[in-house]
Amino acid sequence: MLTILTYQLKPYLLVGEPLEPLLKPGAEWLRDIVNMLMVRHREHLTKAGIDTSIFHNHDEKTSHTLPPYPRILYQNHNGIFLVTGINEGAVALAALAAFYPQPVSVGHKLFVGFAPYRVQESGIVKTESPITYKISNYLALDQKTHKEYQAATAIQKLQLLEGRLLKHLVADLFHYLHIDIPEPRLELLDMLSSGQRSLTYRSHHYLAFNMVFGLDVQLPDFLALGNGKAFGYGVIERG
């Protein structure tokens with residue numbers, strides 16, 4: 001069973017300030033703001049038993065990225081800015097939001113406010129029939145598989161992407177969230193019209209894919225797969 005808590009982080013800009021810089025596919029800026037707010041109350045959160053590294057998924061002594069699936073995800077969902085906590089991430093996020101019942105300044109030109117968006121109590125279970133999902137801005141490839149993809153035929157490209165989806169689902173999401181699903185069946189159904197494009201993430205260029213797939217597993221909304229999954233890439237929704 002997963003407990004998933006999502007807040008909308010509402011930005012309030014000064015009159016005349018542009019919104020466009022906040023509307024890029026990634027949501028690194030959103031994590032920066034939430035972590036700024038976390039730092040203001042780090043001592044209180046720590047005393048309450050909250051591991052504050054959960055907000056940025058880095059070891060606070062070494063700055064190394066923590067290996068498990070991130071427990072807090074930052075997403076730009078069609079211009080709605082969402083912060084989602086999973087299990088202990090949901091507890092940490094609720095504790096942080098309680099310190100900010102009103103919009104708060106995060107700079108000279110920007111205020112932000114937390115608003116409850118959705119609570120999900122979800123068991124991830126196999127289903128008799130496949131469920132259709134879509135995944136957006138999916139950064140599926142690493143350096144090795146990028147070369148394989150560029151050299152592949154059209155059919156081989158689809159097979160490679162299908163394999164990457166299944167790998168990220170089983171070896172990443174299921175493994176680190178301790179979900180036991182024997183032999184899930186996944187089929188890539190469609191590349192959307194906006195199917196493939198190039199995006200820059202952390203100064204590296206990636207191919208980003210928008211796809212539809214079928215899976216015989218019930219998944220909650222707002223989980224994510226692939227590179228940059230903590231920052232709004234690879235978000236999964238029901239198709």
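The legends below describe close-up views of a predicted model. Residues are numbered from 1 along each chain as its sequence is written, and side-chain values use heavy atoms, leaving out hydrogens and water. Because this is a predicted model, local features need pLDDT of at least 70 and side-chain atom pairs count only at pLDDT 80 or more, while totals for chains, interfaces and linings use all residues.

**View 1. Glu 88 and Arg 71 form a salt bridge.** A salt bridge is a side-chain nitrogen of Lys or Arg within 4 Å of a carboxyl oxygen of Asp or Glu, and the structure holds nine of them. In this one, the N to O distance is 3.4 Å. The pair links distant parts of the chain, 17 residues apart: Glu 88 is in helix 3 (residues 88-97), and Arg 71 is in the loop between helix 2 (42-47) and strand 2 (72-77). Helices (H or I, at least four residues) and strands (E, at least two) are DSSP runs, numbered from the N terminus. Arg 71 counts as buried because its relative accessibility is 12%, whereas Glu 88, at 42%, counts as partly exposed. Buried means under 20% relative accessible area, exposed over 50%, and partly exposed in between (1.4 Å probe, protein chains only).

**View 2. Asp 221 forms a salt bridge with Arg 118.** The closest N and O atoms are 3.1 Å apart. The two residues are 103 residues apart in the chain, with Asp 221 in the loop between strand 8 (204-217) and strand 9 (235-238) and Arg 118 in strand 5 (residues 110-122). Arg 118 has 32% relative accessibility, so Arg 118 counts as partly exposed.

**View 3. Asp 142 meets Arg 164 in a salt bridge.** The N to O distance is 3.8 Å. Asp 142 lies in the loop between strand 6 (126-138) and helix 4 (143-151), and Arg 164, 22 residues apart from it, lies in helix 5 (residues 154-176). Arg 164 is buried, with a relative accessible area of 12%, while Asp 142 is partly exposed at 34%.

**View 4. The largest pocket is lined by 28 residues.** A pocket is an open set of points on a 1 Å grid over the protein atoms alone, where a 1.4 Å probe fits, with protein on both sides within 12 Å along at least five of seven lines; lining residues have an atom within 4 Å of a point. Among the lining residues, Thr 65, Gly 226, Asn 227, Gly 228 and Lys 229 lie nearest the centre of the pocket. Helix 5 gives the most to the lining, with five residues.
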